[in-house]
Amino acid sequence: MIPDMVAPTAPARIVGIIGDPIAHSLSPRMHGAAFAASGVDWRYIPFRVTAADLEDAVRGIRALGFAGFNVTVPHKQTIMPFLDGFEDQARDIGAVNAVRLEGRNLVGYNTDAPGLSDALTRDGGVRLAGARCLILGAGGAGRSAAYALAGAGVRSLVILNRTPSRAEDVAARVAAAHPACAVSAGPLEPDSARRATEDSDVIIQATSATLSAAMGGGGGRAAWLRALEPAMRPGKTILDMVYTPRRTELLVAAGDAGATAVDGLSMLIYQGARSFELWTGLSAPIDVMRRALDAAAQPGERVS
Ligand code: NAP
């Protein structure tokens, strides 16, 4: 006889997040709070999955019938060959951060892109149509940002990256998909970053450099980051995707200069809300998700 304590009950629906590292992720707290507030028996579990184990992990998730899962660094692009299908935006962007089980198929979505747009428009009060935008970084997050902004009808897009060829590749793809948007690319250097900041209404920090700086790595803040500060003014909006700490030095400097500063947790909430709705079909309790993250990450606090 199985004791009551361990007797099987109706199984909870399982979702989660895979990445490496994963211990720093705030998504389990955010989604746990959202499920509790919505009265559903769902669990969100973080799994550390190395690159070598990625294919096996995806097979296991399919076999176990998880309702879906999030994907984070470093698997957003490399997971694509192991999935069964994609929604159009994820295929165009070439990066997946949310997956849903549809029948026996794992289908990849990109909720980072609409999450960024939501953060800018809903928390930053930005009108994207006609805006002049700058993206610093051309990794998975920078690519998602470029498609999101071009798709929202921005007038121009400058993409600067430490490795310029990556920025050029993203720019060429986005320009082909959105011919009405003037897209250009270049190297991420102090002069180019300052000039592009001066000429932009919306600046997206999508490199991991501010994360390294916040964590004490890389010998302090890069010269190109410091070069942005004199170009910040009222009327400009800066979003730093890095949220460790919540108010990065870049955001503090932007706020001090009178610009609108939007933190990376805002994007995390809105991409998470889109994932929640994709899996459950319910409306995401955004205020609950925001409160869960507020409790986990005080301004200036390191959250990892
Ligand atoms: P990724 O694909 O690994 O790309 C990293 C990017 O950062 C590349 O453009 C890389 O340039 C650049 N970079 C790294 N170190 C640098 C340095 N010291 N100086 C200048 N550039 C540097 O990562 P990702 O997925 O794009 O993510 C980027 C950051 O955004 C991460 O910190 C991630 O946690 C954050 N993020 C936040 C959210 C959110 O919801 N808030 C969502 C997505 C991502 P190279 O091409 O030259 O290597």
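Reply: The model is predicted. In it, Thr237 touches Leu120, Val126, Asp201, Val202, Ile203, Thr260 and Val262, leaving aside residues up to four places away in sequence. Thr237 belongs to strand E11, which covers residues 237-240.

Me: What makes Glu189 buried, partly exposed or exposed?

Reply: Glu189 has a relative accessible area of 44%. Buried would need a value under 20% and exposed one over 50%. Glu189 is therefore partly exposed. Its place is the loop between strand E9 (182-187) and helix H7 (190-198).

Me: How far apart are Glu189 and Ala261 in sequence and in space?

Reply: They are 72 residues apart in sequence, and their C-alpha atoms are 22 Å apart in space.

Me: What about Ala145: how do you know whether it is buried or exposed?

Reply: Ala145 has 1% relative accessibility. The limit for buried is under 20%, so Ala145 counts as buried. It is found in helix H5, residues 140-151. Not counting residues up to four places away in sequence, Ala145 touches Leu116, Ile135, Ile204 and Met241. Ala145 and Ala227 are 82 residues apart in sequence and 22 Å apart in space, C-alpha to C-alpha.

Me: Helix H5 also meets helix H6. What makes their orientation parallel, antiparallel, perpendicular or oblique?

Reply: The axes of H5 and H6 (residues 164-177) cross at roughly 25 degrees and come within 10 Å. Angles under 35 degrees count as roughly parallel, and H5 and H6 are therefore roughly parallel to each other. H5 passes H6 in a right-handed crossing. On the H5 side the contact is made by Arg143, Ala146, Tyr147 and Ala150, and on the H6 side by Asp169, Val170, Arg173, Val174 and Ala177. These residues divide into six nonpolar, no polar and three charged.

Me: What makes H4 parallel, perpendicular or oblique to H11?

Reply: The axes of H4 (residues 112-123) and H11 come within 7 Å and cross at roughly 125 degrees. Perpendicular stops at 115 and antiparallel begins over 145, which makes H4 oblique to H11. H4 passes H11 in a right-handed crossing. Asp112, Pro114, Gly115, Leu116, Asp118, Ala119, Arg122 and Asp123 in H4 meet Ser266, Met267, Tyr270, Gln271 and Arg274 in H11. The contact of H4 with H11 has five nonpolar, three polar and five charged residues.

Me: Which peptide bond from Val73 is cis, and what is its omega?

Reply: The cis bond runs from Val73 to Pro74, with omega near 5 degrees. Pro74 is in the loop between strand E3 (68-71) and strand E4 (85-86). A cis peptide bond also joins Thr244 and Pro245, where omega is about 0 degrees. Pro245 lies in the loop between E11 and helix H10 (249-256).

Me: How do you know how compact the whole protein chain is?

Reply: The protein chain has twelve helices and twelve strands. Its radius of gyration is 20 Å, close to the 19 Å that the globule rule gives for 304 residues, so the chain is as compact as a globular protein of that length. Along the principal axes, its C-alpha atoms fill a box of roughly 75 × 40 × 35 Å.

Me: What share of the residues counts as buried?

Reply: Of the 304 residues of the protein chain, 51% count as buried. Among contacts with a separation of 6 or more, 68% are between residues 24 or more positions apart.

Conventions: Residues are numbered from 1 along each chain as its sequence is written. This is a predicted model: local features need pLDDT of at least 70, side-chain atom pairs count only at pLDDT 80 or more; totals for chains, interfaces and linings use all residues. Side-chain values use heavy atoms; hydrogens and water are left out. Helices (H or I, at least four residues) and strands (E, at least two) are DSSP runs, numbered from the N terminus. The radius of gyration is taken over C-alpha atoms; the globule rule is 2.2 Å times the number of residues to the power 0.38. Buried means under 20% relative accessible area, exposed over 50%, partly exposed in between (1.4 Å probe, protein chains only). Contact means heavy atoms within 4.5 Å. Axes are lines fitted to C-alpha atoms, for helices over the stretch in contact, and angles run from 0 to 180 degrees between N-to-C directions. Angles under 35 degrees count as roughly parallel, over 145 as roughly antiparallel, 65 to 115 as roughly perpendicular and the rest as oblique. A crossing is left-handed if the near helix is turned anticlockwise from the far one by less than a right angle, and right-handed if clockwise. Ala, Val, Leu, Ile, Met, Phe, Trp, Tyr, Cys and Pro count as nonpolar, Asp, Glu, Lys and Arg as charged, and the others, Gly among them, as polar.
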